[in-house]
Amino acid sequence: MKEKKFLIFDLDDTIFDFKKGEQEGLSNIFAEHPVSEVTFDQWLPVFKKVNSSIWKQIEEGGSAKDLLNTRFSTTYQAFGIEADGTLLERTYRNYLDQSYFVLEGAKALLDRLQQQGFVLIAGTNGKSSTQRNRLKGTGLAEMFEDIVISDEIGIAKPNRLFFEQILKRNSGMTKSNTLMIGDSLRSDIQGAIHAELKNIWFNPYALKNHTNIQPDAECRTFQEVEQQIKQLFTL
Ligand SMILES: [Mg+2]
């Protein structure tokens, strides 16, 4: 490869199996705080409903910290139980920090890309300690030339400045030799469009695009991601 090429990878649900960690954390919470005559499979949909309504309020501008501290108390309330929402949220966060999994095939993809000479960069929203701990625990930290976490730089995707910081930090990186890969249309793809970067929407569950955000490419598998990276760079 003559000119260096840079790939920015989102982490949660692009490289890490965030859903699996989430499920494990929730089952731990329920095991410690069971509801009599209610199974985890009955409790979980109630939590999910409360959780999605809370995230909707956060997206509409509500305080994330205050609202997240109510998601467990509201869930337990539905079963007539009073619970300390703040304490449960803290416990759950600790579980999330400890339970991390890599999506099948993700490590192999990163390995292949690295062998082909691509410079790999992690660009993620989230808490610094959580993401660094996961990268270390999964052995992926050393695969990335640079690790950029919203918590550390004070700017999050989809803000254009998040991507401009990455370009500034890495010498030789330009808008034309950089590509963003992520599962979120609203943060990864919208952000890449704001920053005028080529982008790939990783969409393994074939979700419908209900937004007006148009990715340069959409992929279901890591194999497709690898092919698209090459295609987008030859354009
Ligand atoms: Mg993601």
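## Chatting through the model

Me: Starting with Lys 175: what is its relative accessible area?

Reply: In this predicted model, Lys 175 has a relative accessible area of 34%, so it is partly exposed.

Me: Which residue does Lys 175 form a salt bridge with?

Reply: Glu 196 is the partner, and the closest N and O atoms are 3.9 Å apart. Lys 175 sits in the loop between H9 and S4, while Glu 196 sits in the loop between H10 and S5, so the pair ties together parts 21 residues apart in sequence.

Me: And Glu 196, buried or exposed?

Reply: Exposed, since its relative accessible area is 56%.

Me: How many salt bridges does a search of the whole structure find?

Reply: The search turns up 15. One of them joins the side chains of Lys 157 and Asp 10, at 2.9 Å from N to O. That pair links distant parts of the chain, 147 residues apart: Lys 157 is in the loop between helix H8 (150-153) and helix H9 (160-169), and Asp 10 is in the loop between strand S1 (6-9) and helix H1 (18-32).

Me: Changing topic: which residues are the protein donors of the magnesium ion?

Reply: They are Asp 10 (OD), Asp 12 (O) and Asp 183 (OD), lying 2.1 to 2.2 Å from the ion. Along the chain, the donors follow the spacing D-x1-D-x170-D. Asp 12 is in the loop between S1 and H1, and Asp 183 is in the loop between S4 and H10, so these two tie together parts that are 171 residues apart in sequence.

Me: Why does Asp 183 count as partly exposed?

Reply: Because its relative accessibility is 23%, and buried means under 20%.

Me: OK, strands now. Why is S5 largely enclosed by the rest of the structure?

Reply: Strand S5 (residues 198-202) has four of its five residues buried, so the rest of the structure largely encloses it.

Me: What joins S5 to strand S4?

Reply: Four bridges join S5 to strand S4 (residues 178-182), and the two run parallel. Met 180 has Asn 199 in S5 as its bridge partner. Between the strands, the chain crosses from S4 through helix H10 (residues 185-194) to S5, and this β-α-β crossover is right-handed.

Me: And how do S5 and S6 pair?

Reply: S5 pairs with strand S6 (residues 217-219) in the parallel sense, over three bridges. There, Phe 202 stands opposite Cys 219 in S6.

Me: Which residues in the largest nonpolar core touch the most other members?

Reply: Leu 7, Phe 9, Phe 144 and Ile 229 do, out of 30 residues in that core. Two or more core residues come from each of S1, helix H6 (106-115), strand S2 (119-124), strand S3 (146-149), S4, S5, S6 and helix H11 (222-234). H11 gives the largest share, five residues.

Me: What does Phe 9 touch, not counting residues up to four places away in sequence?

Reply: Its contacts include Leu 109, Leu 110, Leu 113, Phe 144, Met 180 and Ile 181.

Me: What is the phi of Glu 37?

Reply: Positive, about 65 degrees, although Glu 37 is not a glycine. Glu 37 lies in the loop between H1 and helix H2 (40-59) and is exposed, with a relative accessible area of 81%. Ala 206 also has a positive phi, about 50 degrees; its place is in the loop between S5 and S6.

Definitions and conventions:
Residues numbered from 1 in each chain as written. Predicted model: local features only at pLDDT ≥ 70, side-chain atom pairs only at ≥ 80, totals over all residues. Heavy atoms only, no water. Buried < 20%, exposed > 50% of the residue type's maximum accessible area, 1.4 Å probe, protein only. Pairing = 2+ DSSP bridges. Right-handed = clockwise from strand over helix to strand, strands pointing away. Salt bridge = Lys/Arg side-chain N within 4 Å of Asp/Glu carboxyl O. Donors = N, O, S within 2.8 Å, 3.2 Å for Na, K, Ca; no water. Core = buried A, V, L, I, M, F, W, Y, C linked by side-chain atoms within 4.5 Å. Contact = heavy atoms within 4.5 Å.
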